[in-house]
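Please have the viewer open while I talk.

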Amino acid sequence: MAPPETSGSAPLRFVEAVGRSTLRAVEQVGFGATLVGDSAYWLIMGRRRGQVVRPQPVFAEMMEIGIRAIPIVTMLAVTIGIMLAIQGIYQLSRFGAETQVVVGVAFGMTREFAPLITGILIAGRSGSALAARLGTMTINQEIDALEVMGVNPTRFLVVPSLVAMLIMLPALVVWADIVSLLGAGLYISAELGMNMSTYVDQTLELLSAGDLLHGLEKSLIFAVLITTIGIADGASVEGGAEGVGRVTTNAVVHGITAIVLTDMIFAFATTRS
Amino acid sequence: MATSSTDAPTAILVRDLVTHYGDREILHGIDMEVRQGEIMVIMGGSGSGKTTLLRHLLGLEKATSGSVQLLGRELTELDESGIYEVGKKIGVAFQSGALFSSMSVGENVMLPLVEHTRLDRETMEIMMRMKLEIVKLAGFEDLMPAELSGGMIKRAAFARAVVMDPVVLFADEPSAGLDPVVSRSLDELILNLRDALGMTIVVVTHELESAFNIADRITMLDQGNILTIGTVDDVRSSDNVRVQHLLNRCFEEEVLDPDAYLARLVGEGRRA
(Lines give C-alpha, C1' and ligand atoms only; values in the text may rest on other atoms or scores of the structure.)
Protein backbone atom coordinates (compact mmCIF):
# COMPACT_ATOMS: atom_id res chain seq x y z
CA MET A 1 0.00 0.00 0.00
CA ALA A 2 1.43 3.38 -0.96
CA PRO A 3 1.88 5.64 2.05
CA PRO A 4 -0.26 8.76 2.00
CA GLU A 5 1.33 11.96 0.76
CA THR A 6 1.93 14.61 3.41
CA SER A 7 0.78 18.12 2.78
CA GLY A 8 2.47 19.56 5.88
CA SER A 9 5.06 22.28 6.20
CA ALA A 10 8.44 22.22 4.46
CA PRO A 11 10.39 20.93 7.52
CA LEU A 12 7.80 18.18 7.98
CA ARG A 13 8.07 17.20 4.34
CA PHE A 14 11.86 17.13 4.68
CA VAL A 15 11.65 14.84 7.71
CA GLU A 16 9.19 12.64 5.86
CA ALA A 17 11.47 12.46 2.82
CA VAL A 18 14.40 11.49 5.04
CA GLY A 19 12.24 8.84 6.71
CA ARG A 20 11.12 7.39 3.40
CA SER A 21 14.69 7.29 2.08
CA THR A 22 15.86 5.58 5.27
CA LEU A 23 13.11 2.98 5.00
CA ARG A 24 14.03 2.34 1.36
CA ALA A 25 17.69 2.01 2.30
CA VAL A 26 16.90 -0.45 5.11
CA GLU A 27 14.69 -2.40 2.71
CA GLN A 28 17.54 -2.54 0.15
CA VAL A 29 20.02 -3.69 2.81
CA GLY A 30 17.57 -6.40 3.87
CA PHE A 31 17.11 -7.48 0.26
CA GLY A 32 20.89 -7.56 -0.22
CA ALA A 33 21.37 -9.69 2.90
CA THR A 34 18.66 -12.09 1.73
CA LEU A 35 20.39 -12.27 -1.64
CA VAL A 36 23.69 -13.26 -0.04
CA GLY A 37 21.92 -15.91 2.06
CA ASP A 38 20.02 -17.26 -0.95
CA SER A 39 23.21 -17.34 -3.01
CA ALA A 40 25.02 -19.35 -0.34
CA TYR A 41 22.03 -21.70 -0.15
CA TRP A 42 21.91 -22.34 -3.91
CA LEU A 43 25.68 -22.68 -4.13
CA ILE A 44 25.65 -25.40 -1.49
CA MET A 45 22.24 -27.01 -2.06
CA GLY A 46 21.81 -26.37 -5.80
CA ARG A 47 22.88 -29.83 -6.91
CA ARG A 48 20.54 -31.53 -4.42
CA ARG A 49 17.64 -29.32 -5.54
CA GLY A 50 18.36 -30.04 -9.23
CA GLN A 51 19.54 -26.45 -9.79
CA VAL A 52 23.28 -26.84 -10.09
CA VAL A 53 25.51 -23.78 -10.47
CA ARG A 54 27.31 -24.35 -13.75
CA PRO A 55 30.98 -23.43 -14.17
CA GLN A 56 30.63 -21.84 -17.64
CA PRO A 57 28.70 -18.74 -16.49
CA VAL A 58 31.14 -18.37 -13.58
CA PHE A 59 34.09 -18.43 -16.01
CA ALA A 60 32.33 -15.97 -18.30
CA GLU A 61 31.77 -13.61 -15.36
CA MET A 62 35.38 -14.05 -14.22
CA MET A 63 36.52 -13.06 -17.67
CA GLU A 64 34.29 -9.97 -17.67
CA ILE A 65 34.90 -8.87 -14.07
CA GLY A 66 38.56 -9.83 -13.81
CA ILE A 67 40.51 -10.38 -16.99
CA ARG A 68 38.97 -7.52 -18.97
CA ALA A 69 39.59 -5.15 -16.05
CA ILE A 70 43.33 -5.84 -15.92
CA PRO A 71 44.41 -2.98 -18.23
CA ILE A 72 42.48 -0.28 -16.34
CA VAL A 73 43.41 -1.71 -12.93
CA THR A 74 47.07 -1.75 -14.01
CA MET A 75 46.97 1.82 -15.23
CA LEU A 76 45.27 3.17 -12.10
CA ALA A 77 47.35 1.12 -9.67
CA VAL A 78 50.64 2.21 -11.25
CA THR A 79 49.47 5.82 -11.26
CA ILE A 80 48.40 5.73 -7.59
CA GLY A 81 51.68 4.01 -6.65
CA ILE A 82 53.72 6.75 -8.37
CA MET A 83 51.54 9.49 -6.86
CA LEU A 84 52.01 8.04 -3.39
CA ALA A 85 55.76 7.95 -3.97
CA ILE A 86 55.79 11.57 -5.19
CA GLN A 87 53.81 12.82 -2.18
CA GLY A 88 55.77 10.63 0.22
CA ILE A 89 59.17 11.90 -0.97
CA TYR A 90 57.91 15.49 -0.84
CA GLN A 91 56.63 15.17 2.75
CA LEU A 92 59.58 13.14 4.06
CA SER A 93 62.16 15.40 2.43
CA ARG A 94 61.27 18.00 5.07
CA PHE A 95 62.72 15.64 7.67
CA GLY A 96 65.52 14.37 5.46
CA ALA A 97 63.95 10.93 5.52
CA GLU A 98 63.14 10.44 1.83
CA THR A 99 64.32 6.82 1.82
CA GLN A 100 61.57 6.00 4.32
CA VAL A 101 59.08 6.52 1.50
CA VAL A 102 59.39 2.79 0.82
CA VAL A 103 57.64 2.11 4.14
CA GLY A 104 54.74 4.43 3.35
CA VAL A 105 54.29 3.12 -0.17
CA ALA A 106 54.51 -0.55 0.82
CA PHE A 107 52.01 -0.35 3.67
CA GLY A 108 49.82 2.28 2.05
CA MET A 109 49.37 0.37 -1.17
CA THR A 110 48.91 -3.16 0.18
CA ARG A 111 46.73 -2.29 3.18
CA GLU A 112 44.75 0.61 1.78
CA PHE A 113 45.02 1.97 -1.72
CA ALA A 114 45.22 -1.18 -3.85
CA PRO A 115 42.03 -2.75 -2.40
CA LEU A 116 40.23 0.60 -2.24
CA ILE A 117 41.01 1.75 -5.77
CA THR A 118 40.35 -1.72 -7.22
CA GLY A 119 37.05 -1.94 -5.32
CA ILE A 120 35.94 1.49 -6.51
CA LEU A 121 36.94 0.66 -10.07
CA ILE A 122 35.07 -2.65 -10.11
CA ALA A 123 32.03 -1.03 -8.48
CA GLY A 124 31.98 1.49 -11.33
CA ARG A 125 32.65 -1.10 -14.00
CA SER A 126 31.01 -4.37 -12.98
CA GLY A 127 28.55 -3.22 -10.27
CA SER A 128 26.92 -0.86 -12.73
CA ALA A 129 26.93 -3.54 -15.45
CA LEU A 130 25.18 -5.95 -13.08
CA ALA A 131 22.53 -3.36 -12.22
CA ALA A 132 21.98 -2.52 -15.89
CA ARG A 133 21.71 -6.20 -16.83
CA LEU A 134 19.28 -7.02 -14.00
CA GLY A 135 17.24 -3.89 -14.71
CA THR A 136 16.97 -4.66 -18.42
CA MET A 137 16.15 -8.31 -17.75
CA THR A 138 13.40 -7.32 -15.31
CA ILE A 139 11.85 -4.90 -17.78
CA ASN A 140 12.10 -7.43 -20.64
CA GLN A 141 10.31 -10.08 -18.51
CA GLU A 142 13.44 -12.26 -18.63
CA ILE A 143 13.32 -12.79 -14.84
CA ASP A 144 9.68 -13.88 -15.15
CA ALA A 145 10.73 -16.18 -18.00
CA LEU A 146 13.34 -17.83 -15.78
CA GLU A 147 10.82 -18.37 -12.98
CA VAL A 148 8.18 -19.93 -15.19
CA MET A 149 10.87 -22.13 -16.76
CA GLY A 150 11.51 -23.49 -13.28
CA VAL A 151 14.93 -21.80 -13.08
CA ASN A 152 15.75 -19.98 -9.87
CA PRO A 153 16.95 -16.47 -10.86
CA THR A 154 19.29 -16.16 -7.85
CA ARG A 155 21.03 -19.40 -8.73
CA PHE A 156 21.12 -18.59 -12.44
CA LEU A 157 22.10 -14.92 -12.32
CA VAL A 158 23.41 -13.92 -8.90
CA VAL A 159 25.55 -16.88 -7.82
CA PRO A 160 27.87 -16.89 -10.89
CA SER A 161 28.46 -13.15 -10.51
CA LEU A 162 29.07 -13.42 -6.77
CA VAL A 163 31.45 -16.37 -7.08
CA ALA A 164 33.35 -14.70 -9.93
CA MET A 165 33.58 -11.46 -7.95
CA LEU A 166 34.81 -13.29 -4.83
CA ILE A 167 37.59 -14.90 -6.89
CA MET A 168 38.56 -12.06 -9.21
CA LEU A 169 38.46 -9.02 -6.92
CA PRO A 170 41.13 -10.41 -4.52
CA ALA A 171 43.12 -11.55 -7.57
CA LEU A 172 42.95 -8.04 -9.02
CA VAL A 173 43.99 -6.59 -5.65
CA VAL A 174 47.09 -8.83 -5.63
CA TRP A 175 47.82 -7.68 -9.18
CA ALA A 176 47.28 -4.04 -8.16
CA ASP A 177 49.65 -4.56 -5.20
CA ILE A 178 52.38 -5.84 -7.50
CA VAL A 179 52.12 -3.27 -10.29
CA SER A 180 51.61 -0.29 -7.97
CA LEU A 181 54.66 -1.21 -5.91
CA LEU A 182 56.66 -1.70 -9.09
CA GLY A 183 55.47 1.65 -10.47
CA ALA A 184 56.36 3.38 -7.21
CA GLY A 185 59.69 1.54 -7.19
CA LEU A 186 60.57 2.80 -10.66
CA TYR A 187 59.84 6.38 -9.61
CA ILE A 188 61.74 6.05 -6.31
CA SER A 189 64.71 4.50 -8.10
CA ALA A 190 64.82 7.35 -10.57
CA GLU A 191 64.20 10.09 -7.99
CA LEU A 192 66.37 8.88 -5.12
CA GLY A 193 68.90 6.89 -7.11
CA MET A 194 67.93 3.78 -5.16
CA ASN A 195 68.77 0.48 -6.82
CA MET A 196 65.58 -1.31 -7.91
CA SER A 197 66.68 -4.58 -6.32
CA THR A 198 67.32 -2.74 -3.04
CA TYR A 199 63.81 -1.28 -3.25
CA VAL A 200 62.32 -4.72 -3.86
CA ASP A 201 64.33 -6.26 -0.99
CA GLN A 202 63.26 -3.49 1.39
CA THR A 203 59.63 -3.80 0.39
CA LEU A 204 59.58 -7.57 0.83
CA GLU A 205 61.32 -7.25 4.17
CA LEU A 206 58.80 -4.70 5.41
CA LEU A 207 55.63 -6.45 4.29
CA SER A 208 54.20 -9.39 6.18
CA ALA A 209 51.53 -11.84 5.10
CA GLY A 210 49.20 -10.00 7.48
CA ASP A 211 49.53 -6.80 5.45
CA LEU A 212 48.59 -8.59 2.26
CA LEU A 213 45.75 -10.42 3.99
CA HIS A 214 44.45 -7.12 5.37
CA GLY A 215 43.89 -5.92 1.82
CA LEU A 216 42.54 -9.25 0.63
CA GLU A 217 40.02 -9.52 3.47
CA LYS A 218 38.69 -6.10 2.56
CA SER A 219 38.47 -7.08 -1.09
CA LEU A 220 36.28 -10.07 -0.18
CA ILE A 221 33.88 -7.76 1.67
CA PHE A 222 33.94 -5.34 -1.27
CA ALA A 223 33.14 -8.22 -3.65
CA VAL A 224 29.99 -9.08 -1.69
CA LEU A 225 29.00 -5.41 -1.45
CA ILE A 226 29.48 -4.68 -5.16
CA THR A 227 27.51 -7.75 -6.26
CA THR A 228 24.60 -7.41 -3.85
CA ILE A 229 24.26 -3.67 -4.39
CA GLY A 230 24.40 -4.10 -8.18
CA ILE A 231 21.76 -6.84 -8.10
CA ALA A 232 19.55 -5.15 -5.50
CA ASP A 233 19.58 -1.84 -7.37
CA GLY A 234 19.01 -3.58 -10.71
CA ALA A 235 16.07 -5.56 -9.34
CA SER A 236 14.43 -2.39 -8.02
CA VAL A 237 14.04 -0.97 -11.53
CA GLU A 238 10.83 0.83 -12.42
CA GLY A 239 9.90 2.21 -15.81
CA GLY A 240 11.78 1.64 -19.03
CA ALA A 241 15.22 2.69 -20.26
CA GLU A 242 15.17 5.72 -17.98
CA GLY A 243 14.66 3.42 -14.99
CA VAL A 244 17.60 1.27 -16.06
CA GLY A 245 19.79 4.39 -16.28
CA ARG A 246 18.68 5.42 -12.79
CA VAL A 247 19.43 2.06 -11.15
CA THR A 248 22.80 1.90 -12.93
CA THR A 249 23.78 5.28 -11.51
CA ASN A 250 22.46 4.22 -8.09
CA ALA A 251 24.56 1.06 -8.18
CA VAL A 252 27.75 3.07 -8.76
CA VAL A 253 26.96 5.68 -6.08
CA HIS A 254 25.77 3.11 -3.52
CA GLY A 255 28.63 0.75 -4.30
CA ILE A 256 31.40 3.34 -3.94
CA THR A 257 29.82 4.81 -0.80
CA ALA A 258 29.51 1.36 0.78
CA ILE A 259 33.12 0.50 -0.12
CA VAL A 260 34.58 3.70 1.33
CA LEU A 261 32.51 3.45 4.54
CA THR A 262 33.33 -0.23 4.98
CA ASP A 263 37.00 0.47 4.35
CA MET A 264 37.04 3.07 7.11
CA ILE A 265 35.21 0.80 9.56
CA PHE A 266 37.49 -2.13 8.68
CA ALA A 267 40.64 -0.01 9.14
CA PHE A 268 39.28 1.34 12.43
CA ALA A 269 38.44 -2.12 13.73
CA THR A 270 41.61 -3.92 12.64
CA THR A 271 44.41 -1.36 12.55
CA ARG A 272 43.95 0.70 15.73
CA SER A 273 46.26 -0.49 18.49
CA MET B 1 -12.30 -24.62 -35.01
CA ALA B 2 -13.05 -26.30 -31.68
CA THR B 3 -11.32 -29.61 -31.24
CA SER B 4 -11.63 -30.28 -27.53
CA SER B 5 -14.84 -31.78 -26.26
CA THR B 6 -16.69 -30.53 -23.21
CA ASP B 7 -15.88 -33.78 -21.38
CA ALA B 8 -12.13 -33.38 -21.90
CA PRO B 9 -10.16 -33.35 -18.62
CA THR B 10 -9.57 -29.99 -16.98
CA ALA B 11 -6.14 -28.44 -17.45
CA ILE B 12 -6.74 -25.19 -15.58
CA LEU B 13 -9.42 -24.42 -13.02
CA VAL B 14 -9.82 -20.97 -11.47
CA ARG B 15 -12.33 -20.44 -8.70
CA ASP B 16 -13.37 -17.12 -7.14
CA LEU B 17 -9.95 -15.54 -7.74
CA VAL B 18 -9.57 -12.17 -6.07
CA THR B 19 -6.40 -10.12 -6.15
CA HIS B 20 -5.33 -6.69 -4.97
CA TYR B 21 -2.49 -4.34 -5.85
CA GLY B 22 -2.25 -2.24 -2.72
CA ASP B 23 -5.77 -1.04 -1.91
CA ARG B 24 -7.07 -1.61 -5.41
CA GLU B 25 -8.94 -4.82 -6.23
CA ILE B 26 -7.83 -5.93 -9.69
CA LEU B 27 -9.68 -9.23 -10.12
CA HIS B 28 -13.12 -9.53 -8.56
CA GLY B 29 -13.75 -13.25 -8.19
CA ILE B 30 -12.77 -14.88 -11.47
CA ASP B 31 -14.13 -18.35 -12.33
CA MET B 32 -12.90 -20.13 -15.43
CA GLU B 33 -11.95 -23.55 -16.70
CA VAL B 34 -9.63 -24.55 -19.52
CA ARG B 35 -9.98 -28.08 -20.88
CA GLN B 36 -7.07 -30.13 -22.11
CA GLY B 37 -6.39 -29.72 -25.81
CA GLU B 38 -8.34 -26.52 -26.27
CA ILE B 39 -7.18 -23.05 -27.21
CA MET B 40 -8.59 -20.60 -24.71
CA VAL B 41 -8.21 -16.95 -25.55
CA ILE B 42 -8.40 -14.45 -22.71
CA MET B 43 -9.24 -11.05 -24.08
CA GLY B 44 -10.17 -7.62 -22.91
CA GLY B 45 -9.14 -4.01 -23.13
CA SER B 46 -6.24 -2.32 -21.42
CA GLY B 47 -6.61 -2.55 -17.64
CA SER B 48 -9.19 -5.34 -17.84
CA GLY B 49 -6.98 -7.62 -15.70
CA LYS B 50 -6.01 -10.14 -18.38
CA THR B 51 -2.26 -9.87 -17.77
CA THR B 52 -2.82 -10.12 -14.01
CA LEU B 53 -4.94 -13.22 -14.55
CA LEU B 54 -2.20 -14.71 -16.73
CA ARG B 55 0.42 -14.03 -14.04
CA HIS B 56 -1.80 -15.92 -11.56
CA LEU B 57 -2.09 -18.84 -13.96
CA LEU B 58 1.72 -18.91 -14.15
CA GLY B 59 2.15 -18.76 -10.38
CA LEU B 60 3.93 -15.40 -10.61
CA GLU B 61 1.42 -13.61 -8.36
CA LYS B 62 -0.10 -14.45 -4.99
CA ALA B 63 -3.88 -14.19 -4.88
CA THR B 64 -5.75 -12.41 -2.10
CA SER B 65 -8.22 -15.30 -2.10
CA GLY B 66 -9.52 -18.02 -4.37
CA SER B 67 -8.06 -21.02 -6.10
CA VAL B 68 -5.91 -21.59 -9.21
CA GLN B 69 -5.38 -25.21 -10.20
CA LEU B 70 -2.94 -25.99 -12.99
CA LEU B 71 -2.69 -29.64 -14.07
CA GLY B 72 -4.25 -30.67 -10.78
CA ARG B 73 -1.82 -28.69 -8.59
CA GLU B 74 -3.15 -25.87 -6.43
CA LEU B 75 -0.81 -23.00 -7.32
CA THR B 76 -1.90 -20.80 -4.41
CA GLU B 77 -0.61 -23.40 -1.95
CA LEU B 78 2.66 -24.31 -3.67
CA ASP B 79 6.02 -23.13 -2.39
CA GLU B 80 8.83 -21.97 -4.68
CA SER B 81 10.08 -25.46 -5.52
CA GLY B 82 6.51 -26.64 -6.20
CA ILE B 83 6.04 -23.75 -8.63
CA TYR B 84 9.33 -24.69 -10.32
CA GLU B 85 8.13 -28.30 -10.71
CA VAL B 86 4.91 -27.15 -12.36
CA GLY B 87 7.02 -24.77 -14.48
CA LYS B 88 8.67 -27.74 -16.16
CA LYS B 89 5.29 -28.82 -17.57
CA ILE B 90 4.33 -25.46 -19.04
CA GLY B 91 5.75 -23.19 -21.69
CA VAL B 92 5.35 -19.43 -21.88
CA ALA B 93 5.84 -17.10 -24.83
CA PHE B 94 6.05 -13.65 -23.28
CA GLN B 95 4.83 -10.49 -24.96
CA SER B 96 8.38 -9.14 -25.32
CA GLY B 97 9.75 -12.56 -26.22
CA ALA B 98 11.97 -12.37 -23.11
CA LEU B 99 14.87 -13.93 -24.98
CA PHE B 100 18.15 -13.64 -23.07
CA SER B 101 20.15 -11.05 -24.96
CA SER B 102 23.53 -12.55 -24.02
CA MET B 103 22.61 -15.91 -25.59
CA SER B 104 22.15 -16.87 -29.23
CA VAL B 105 18.73 -17.96 -30.48
CA GLY B 106 19.82 -21.60 -30.28
CA GLU B 107 21.11 -21.24 -26.72
CA ASN B 108 17.87 -19.52 -25.73
CA VAL B 109 15.78 -22.36 -27.14
CA MET B 110 18.01 -24.99 -25.54
CA LEU B 111 18.04 -23.37 -22.10
CA PRO B 112 15.14 -25.37 -20.58
CA LEU B 113 16.76 -28.59 -21.86
CA VAL B 114 20.13 -27.60 -20.37
CA GLU B 115 18.50 -26.76 -17.04
CA HIS B 116 16.09 -29.65 -16.67
CA THR B 117 17.42 -32.63 -18.60
CA ARG B 118 20.58 -34.68 -18.69
CA LEU B 119 20.59 -35.03 -22.46
CA ASP B 120 23.92 -34.78 -24.24
CA ARG B 121 24.68 -31.61 -26.15
CA GLU B 122 24.16 -33.22 -29.57
CA THR B 123 20.65 -34.42 -28.69
CA MET B 124 19.75 -31.04 -27.28
CA GLU B 125 20.93 -29.36 -30.46
CA ILE B 126 18.83 -31.73 -32.57
CA MET B 127 15.75 -30.94 -30.45
CA MET B 128 16.48 -27.23 -30.63
CA ARG B 129 16.73 -27.36 -34.43
CA MET B 130 13.46 -29.32 -34.64
CA LYS B 131 11.63 -26.68 -32.64
CA LEU B 132 13.18 -23.88 -34.67
CA GLU B 133 11.97 -25.65 -37.79
CA ILE B 134 8.42 -25.83 -36.40
CA VAL B 135 8.43 -22.06 -35.90
CA LYS B 136 10.08 -21.55 -39.31
CA LEU B 137 13.38 -20.27 -37.93
CA ALA B 138 15.61 -23.11 -39.08
CA GLY B 139 19.14 -21.83 -39.66
CA PHE B 140 18.75 -18.87 -37.31
CA GLU B 141 20.19 -20.61 -34.25
CA ASP B 142 23.51 -18.74 -34.30
CA LEU B 143 21.98 -15.26 -34.49
CA MET B 144 21.64 -13.09 -31.40
CA PRO B 145 18.18 -11.82 -30.36
CA ALA B 146 19.21 -8.26 -31.25
CA GLU B 147 19.61 -9.41 -34.87
CA LEU B 148 16.01 -10.65 -35.15
CA SER B 149 12.86 -8.80 -36.21
CA GLY B 150 9.89 -8.49 -33.84
CA GLY B 151 8.06 -11.40 -35.46
CA MET B 152 11.16 -13.60 -35.39
CA ILE B 153 11.70 -12.86 -31.70
CA LYS B 154 8.14 -14.04 -31.00
CA ARG B 155 8.72 -17.19 -33.05
CA ALA B 156 11.95 -17.91 -31.20
CA ALA B 157 10.08 -17.36 -27.92
CA PHE B 158 7.52 -19.96 -29.05
CA ALA B 159 10.32 -22.38 -29.94
CA ARG B 160 11.78 -22.00 -26.44
CA ALA B 161 8.33 -22.31 -24.87
CA VAL B 162 7.65 -25.67 -26.58
CA VAL B 163 11.14 -27.18 -26.49
CA MET B 164 10.25 -29.33 -23.44
CA ASP B 165 6.95 -30.39 -25.07
CA PRO B 166 4.86 -28.72 -22.36
CA VAL B 167 1.34 -29.85 -21.50
CA VAL B 168 0.11 -26.27 -21.41
CA LEU B 169 1.41 -23.38 -23.49
CA PHE B 170 0.73 -19.76 -22.52
CA ALA B 171 1.18 -16.89 -24.95
CA ASP B 172 0.95 -13.27 -23.86
CA GLU B 173 -0.11 -10.90 -26.64
CA PRO B 174 1.55 -12.90 -29.43
CA SER B 175 0.36 -10.49 -32.13
CA ALA B 176 1.01 -7.22 -30.32
CA GLY B 177 3.05 -4.76 -32.33
CA LEU B 178 3.22 -6.97 -35.42
CA ASP B 179 1.93 -6.27 -38.91
CA PRO B 180 -1.17 -8.24 -40.02
CA VAL B 181 0.79 -10.69 -42.18
CA VAL B 182 3.21 -11.67 -39.40
CA SER B 183 0.32 -11.69 -36.95
CA ARG B 184 -1.62 -14.17 -39.12
CA SER B 185 1.43 -16.40 -39.46
CA LEU B 186 1.72 -16.51 -35.66
CA ASP B 187 -1.95 -17.49 -35.43
CA GLU B 188 -1.20 -20.36 -37.82
CA LEU B 189 1.77 -21.30 -35.70
CA ILE B 190 -0.40 -21.51 -32.57
CA LEU B 191 -2.94 -23.68 -34.39
CA ASN B 192 -0.16 -25.91 -35.74
CA LEU B 193 1.33 -26.33 -32.28
CA ARG B 194 -2.02 -27.44 -30.90
CA ASP B 195 -2.72 -29.77 -33.81
CA ALA B 196 0.81 -31.21 -34.06
CA LEU B 197 1.67 -31.45 -30.37
CA GLY B 198 -1.80 -31.65 -28.80
CA MET B 199 -1.11 -28.87 -26.34
CA THR B 200 -3.56 -26.93 -24.24
CA ILE B 201 -2.98 -23.32 -25.19
CA VAL B 202 -3.96 -20.16 -23.34
CA VAL B 203 -3.53 -16.96 -25.32
CA VAL B 204 -3.92 -13.48 -23.85
CA THR B 205 -4.65 -10.91 -26.49
CA HIS B 206 -6.59 -7.80 -27.29
CA GLU B 207 -6.53 -8.52 -31.04
CA LEU B 208 -10.05 -9.52 -32.07
CA GLU B 209 -9.14 -10.97 -35.45
CA SER B 210 -6.40 -13.09 -33.97
CA ALA B 211 -8.70 -14.26 -31.17
CA PHE B 212 -11.43 -15.31 -33.61
CA ASN B 213 -8.87 -17.09 -35.80
CA ILE B 214 -7.47 -19.33 -33.12
CA ALA B 215 -9.90 -19.64 -30.22
CA ASP B 216 -11.89 -22.71 -29.32
CA ARG B 217 -13.35 -20.63 -26.52
CA ILE B 218 -12.97 -17.02 -25.45
CA THR B 219 -12.95 -15.57 -21.94
CA MET B 220 -13.70 -11.90 -22.14
CA LEU B 221 -12.58 -9.77 -19.21
CA ASP B 222 -13.74 -6.28 -18.38
CA GLN B 223 -12.48 -4.27 -15.39
CA GLY B 224 -11.48 -7.35 -13.44
CA ASN B 225 -14.71 -9.26 -14.06
CA ILE B 226 -15.56 -11.98 -16.54
CA LEU B 227 -17.91 -10.53 -19.10
CA THR B 228 -18.55 -13.74 -20.97
CA ILE B 229 -17.06 -17.16 -21.68
CA GLY B 230 -17.98 -19.10 -24.75
CA THR B 231 -17.12 -20.21 -28.26
CA VAL B 232 -16.35 -17.67 -30.95
CA ASP B 233 -19.96 -17.89 -32.15
CA ASP B 234 -21.29 -17.48 -28.59
CA VAL B 235 -19.23 -14.33 -28.12
CA ARG B 236 -20.07 -12.92 -31.54
CA SER B 237 -23.79 -13.41 -31.00
CA SER B 238 -23.78 -12.20 -27.39
CA ASP B 239 -26.49 -9.65 -26.64
CA ASN B 240 -24.41 -8.15 -23.84
CA VAL B 241 -23.95 -4.45 -24.68
CA ARG B 242 -20.45 -4.28 -23.22
CA VAL B 243 -19.37 -7.35 -25.19
CA GLN B 244 -20.67 -5.82 -28.39
CA HIS B 245 -18.96 -2.55 -27.52
CA LEU B 246 -15.62 -4.35 -27.17
CA LEU B 247 -16.24 -6.39 -30.31
CA ASN B 248 -16.84 -3.20 -32.23
CA ARG B 249 -13.37 -2.15 -31.06
CA CYS B 250 -14.46 1.27 -29.83
CA PHE B 251 -12.34 0.89 -26.72
CA GLU B 252 -9.52 -0.91 -28.47
CA GLU B 253 -8.96 1.67 -31.17
CA GLU B 254 -9.08 4.52 -28.75
CA VAL B 255 -6.48 3.14 -26.38
CA LEU B 256 -4.56 0.26 -27.84
CA ASP B 257 -4.21 0.61 -31.58
CA PRO B 258 -0.57 1.66 -32.05
CA ASP B 259 -1.25 3.83 -35.13
CA ALA B 260 -4.11 5.67 -33.49
CA TYR B 261 -2.08 6.09 -30.34
CA LEU B 262 0.93 7.47 -32.24
CA ALA B 263 -1.27 9.76 -34.31
CA ARG B 264 -2.76 11.13 -31.11
CA LEU B 265 0.68 11.69 -29.60
CA VAL B 266 1.84 13.55 -32.72
CA GLY B 267 -1.33 15.62 -32.68
CA GLU B 268 -0.84 16.54 -29.03
CA GLY B 269 2.77 17.46 -29.76
CA ARG B 270 1.68 19.82 -32.53
CA ARG B 271 -0.95 21.44 -30.36
CA ALA B 272 1.66 21.99 -27.64
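Which residue of chain B forms a salt bridge with A:Arg155, and how far apart are the closest N and O atoms? The partner is B:Glu115, and the closest N and O atoms are 2.4 Å apart, where a salt bridge is taken as a side-chain nitrogen of Lys or Arg within 4 Å of a carboxyl oxygen of Asp or Glu.

Before going further, some bookkeeping: this is a predicted model, in which local features need pLDDT of at least 70 and side-chain atom pairs count only at pLDDT 80 or more, while totals for chains, interfaces and linings use all residues. Residues are numbered from 1 along each chain as its sequence is written, chains are lettered from A and ligands numbered from 1 in the order in which they are written, and side-chain values use heavy atoms, with hydrogens and water left out.

Let me stay with the contact between the chains. With contact meaning heavy atoms within 4.5 Å, 26 residues of chain B and 22 residues of chain A take part. The two chains bury about 1,900 Å² between them, 57% of it on carbon and sulfur atoms; buried area here is the accessible area (1.4 Å probe) that two parts lose on being put together, summed over both. Of the area that chain B buries against chain A, 33% is supplied by B:Tyr84, B:Phe100 and B:Glu115, more than any other three residues.

On the side of chain B that touches chain A, helix H2 (80–87), strand E6 (90–93) and helix H3 (105–116) each supply at least two residues, and the largest share, five residues, comes from H3(B). Helices (H or I, at least four residues) and strands (E, at least two) are DSSP runs, numbered from the N terminus.

Now to the domains within chain B. Domain 1 covers 7–89 + 167–242 and domain 2 covers 98–165, with bounds from an automatic or database domain assignment, and their C-alpha centres lie 24 Å apart. The contact takes 15 residues from domain 1 of chain B and 12 residues from domain 2 of chain B.

Finally, the strands, which pair if DSSP finds at least two bridges between them. E1(B), residues 10–21, and E2(B), residues 24–35, pair in the antiparallel sense over nine bridges, with B:Leu17 and B:Ile30 as bridge partners. In their hairpin, which has two residues between the strands, B:Gly22 takes a positive phi near 65°. E1(B) also pairs with E4(B), residues 65–70, in the antiparallel sense over five bridges, and there B:Val14 stands opposite B:Val68.
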